[in-house]
Amino acid sequence: MNKKINIKTKNDSYSINIEKNSIIKNIKKIIYKNNKVVFLIDKKVFYIFKKLNNYKNQNYITINCSEKIKNFNNYVNLSEKIIKIGVERNSTIVAIGGGTLGDLSGFIASTLLRGINLILIPTTLLSQVDSSVGGKNGINTKSGKNLVGTFYQPKSVIIDPSILSTLSKRELLSGYAEIIKHGIINDKKFFYWLNNNSKKIFKLDNNILTQAIYKSILIKRKYVLKDEKEKLKNSHSRAILNFGHTFGHALETFYKFNQKFTHGEAISIGMIIAASFSHNLGYLSLKDFEKIKIHFLSNNLPVQDENMFNKKIFNIIDKDKKNLNGKINFVLLKGIGNAFLSNKQNLKNLKKNTHIIK
Ligand SMILES: NC(=O)c1ccc[n+]([C@@H]2O[C@H](COP(=O)([O-])OP(=O)(O)OC[C@H]3O[C@@H](n4cnc5c(N)ncnc54)[C@H](O)[C@@H]3O)[C@@H](O)[C@H]2O)c1
Ligand SMILES: [Zn+2]
């Protein structure tokens, strides 16, 4: 099963191709078609690149990837290395790896020579269903996640679900968290479909997996097309995609991006807090809250953490870049598949109403 999705924003147009066993074929095409190509490759998937007969003749840099690579040091060092290779405006950076590599590479590509071509080959489920779509990139600072970055669309995105066979169960689950998020915020039918099919996704059933990736991207695309630069403040706002991320990002920052939580695990807890908050404020029915929680529990997505309401967590949320005039933008639910953006929340309200329903 192959799928193709076109993304057309105000200034850019590109396609996302989902096809099993397509990486090598596509890498060859990229090398053939482009002037100068620099590959940035996650060490964990370097084995694929090695399948290319002449891989040693290519410009490539391998990187040991985790959240920690998204920092100023790497940005500077990699940029210097790439400049030394001798790139020009029409050169291309190809990132083969997960969301952390994609975010770092995107930021580098968008700023080198004020922007050189970027092609993304996402190799984690999370990057295939989420981070490689929509053109956001960024690095972290001591104060929080993704505080420095740009909007920069790639020239194309190549998704090969078969690469997920080497991914750990934990990382698969992390990507699944973003898939279920898409159902919860925008598509009730998709949520119920996932209720029936999630186990097949974890077993990497190609047909089901491809459909889940495809559907997830279509939902994300809706928000990206309507609100590429996240300017809207209504229910079409791209910020809706941040459902669960207020507390999720705060947890990641709290734990200093160590291995305690994957991004997906952190936002899973964040989604349960956001759903509880929605119920406690009178928007979400108990029935829908329970359906969400049961889905999380039966798929081993975490629903709590001992530090989730730590004072420091609230301080981090208070400093978040998306806050305006002391108000905290928070994505809430009116029901499964029906999220909205509330810009009326403040720290006091959060502290009072975010407790999790037992
Ligand atoms: N730009 C966006 O719109 C956006 C959206 C969502 C998330 N993100 C970002 O994405 C990042 C998370 O991405 P991620 O979950 O892919 O993390 P990641 O890049 O750290 O990858 C997770 C782990 O899987 C390994 N790996 C990658 N591909 C593999 C494969 N095929 N087989 C075996 N191991 C493999 C990596 O080396 C790493 O250890 C976060 O920094 C988050 O902020 C960005
Ligand atoms: Zn996310």
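This is a predicted model: local features need pLDDT of at least 70, side-chain atom pairs count only at pLDDT 80 or more; totals for chains, interfaces and linings use all residues.

Reply: The side chains of Glu252 and Lys145 form a salt bridge, with 3.4 Å from N to O. The interface between domain 1 and domain 2 holds 4 salt bridges by the rule applied. Polar contacts between the two domains come to 7 residue pairs, with both partners at pLDDT 80 or more.

Now the elements behind the domain 1 side. Two or more residues each come from strand S1 (3-8), strand S2 (13-18), helix H5 (125-131), strand S7 (139-141) and strand S8 (144-148). By residue class, the side of domain 1 that touches domain 2 splits into 13 nonpolar, 13 polar and 10 charged.

Next, the bounds. Domain 1 covers 3-166 and domain 2 covers 169-353. The contact draws 36 residues from domain 1 and 34 residues from domain 2. The C-alpha centres of the two domains are 25 Å apart.

Then the area. About 3100 Å² is buried between domain 1 and domain 2. Carbon and sulfur atoms give 69% of that. On the domain 1 side, three residues stand out: Leu125, Val129 and Lys145 supply 20% of the area that domain 1 buries against domain 2, more than any other three residues.

One more site is worth a look, the zinc ion (ligand 2). Its protein donors are Glu178 (OE), His245 (NE2) and His263 (NE2), at 1.9 to 2.1 Å. Along the chain, the donors follow the spacing E-x66-H-x17-H. Glu178 sits in helix H6 (residues 169-186) and His263 in helix H10 (residues 263-280). That pair is 85 residues apart and links distant parts of the chain.

How values were computed: Residues are numbered from 1 along each chain as its sequence is written. Chains are lettered from A and ligands numbered from 1 in the order in which they are written. Side-chain values use heavy atoms; hydrogens and water are left out. Domain bounds come from an automatic or database domain assignment. Contact means heavy atoms within 4.5 Å. Buried area is the accessible area (1.4 Å probe) that two parts lose on being put together, summed over both. A polar contact is a pair of N or O atoms within 3.5 Å; within protein, one must be able to donate a hydrogen and the other to accept it, and residues adjacent in sequence count only if both atoms are side-chain atoms. Helices (H or I, at least four residues) and strands (E, at least two) are DSSP runs, numbered from the N terminus. Ala, Val, Leu, Ile, Met, Phe, Trp, Tyr, Cys and Pro count as nonpolar, Asp, Glu, Lys and Arg as charged, and the others, Gly among them, as polar. Donors are N, O and S atoms within 2.8 Å of the metal (3.2 Å for Na, K and Ca); water is not among the atoms, so sites may look incomplete.
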